[in-house]
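Here is a short report on a few local features. Look at the model first, then read on.

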Amino acid sequence: MMMSLFAPLWFGLIGGFGGMPLAASPEVVRARYEVAAQHLDAGGDLFVIKSVDGQLASMVQMLGQLVGGMVPPSEPQQAQKFVADLDNLLRDSGLFAMHTIAGSTVPRGDGLRDIKFFIGRDPVAAEQPFWRGLTGGAPRAPELLPSLPGSCALALETAAEPEQIWGLVRRGMLLFGCQGDAQKLAEQLQEAEAEIGVSPDALFASLQDGLAVAIHLDPGKKMMLPTPGGVTTIPEPGLIVVAKVKDDSVLRFIIRGLEESKSGKTVTDTEFG
């Protein structure tokens, strides 16, 4: 059942790159294939390794052509600037260094599946913001997984550095939402602070490195799910996120959200374990 739930995600991520030229030679692609294969499990429901070298950059160029067709002919520089800014942002972030995407699933005796996902990238990109934000620095032993309930169906821990990702988002806001106007960005961040109860800069700065995300299936709640064979009932899934914090910024953000969800009623009692 879990495979049927995640199949669209697998094929959306892995099958979404196609029809574009590869930047690497066949020998290099083969070597990268062999490295990826060492990180996967064979003999299950899925075993896919796909080279995506150079394809993200090509997609940006295709996007530029689409944008260029929508702007007035008298202002072609708008499309050119948009594409150049986007290309620079993604290139500087390290995203273009990704060259391989791979995944596998293998059934287990308890009815679940072991899922492995592998992303190959150029080693020199390890210190760039996207990868520091997604996977962090040097590998380390899991610290947050023990905090998750044992009934989780899928769990992932990464040494992600939230401030790195926020830095990329902030730069994107400046380039595309504020047209490079730093004062306008500051005003937007002030508006966001008034809405969520804490400065976005302070919110991300309060998160320590490391993040655990899990999907929990609640046996006490059921939901209907359409399948090729009809409608089936499964435990209701929920998302669990575990992170370490330096101060109460995240708590204030959560309390503001709870108060808004309760139509303005003040939250006076919270319990955190």
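F117, I119 and L134 make a nonpolar surface patch of about 230 Å². A patch joins residues with over 30% relative accessible area and no salt bridge, with nonpolar side chains linked within 5 Å. A salt bridge puts a side-chain nitrogen of Lys or Arg within 4 Å of a carboxyl oxygen of Asp or Glu. Areas come from the Shrake-Rupley method with a 1.4 Å probe.

This is a predicted model: local features need pLDDT of at least 70, and side-chain atom pairs count only at pLDDT 80 or more, while totals for chains, interfaces and linings use all residues. Residues are numbered from 1 along each chain as its sequence is written, and side-chain values use heavy atoms, without hydrogens and water.

Three residues can be set side by side. Buried means under 20% relative accessible area, exposed over 50%, and partly exposed in between.

| Residue | Relative accessible area | Class |
|---|---|---|
| L134 | 35% | partly exposed |
| H216 | 19% | buried |
| Q179 | 54% | exposed |

L134 lies in helix 5 (residues 129–135). H216 belongs to strand 5 (residues 211–227). Helices (H or I, at least four residues) and strands (E, at least two) are DSSP runs, numbered from the N terminus.

What does H216 touch? Its contacts include P149, C152, E236 and I240, not counting residues up to four places away in sequence. Contact means heavy atoms within 4.5 Å.

Q179 sits in the loop between helix 6 (162–177) and helix 7. Its phi is near 50°, a positive value in a residue other than glycine. Most residues other than glycine have a negative phi.

Note on methods
Patches are made of residues with over 30% relative accessible area and no salt bridge: like charges are joined within 9 Å, nonpolar side chains (Val, Leu, Ile, Met, Phe, Trp, Tyr) within 5 Å. Buried means under 20% relative accessible area, exposed over 50%, partly exposed in between (1.4 Å probe, protein chains only).
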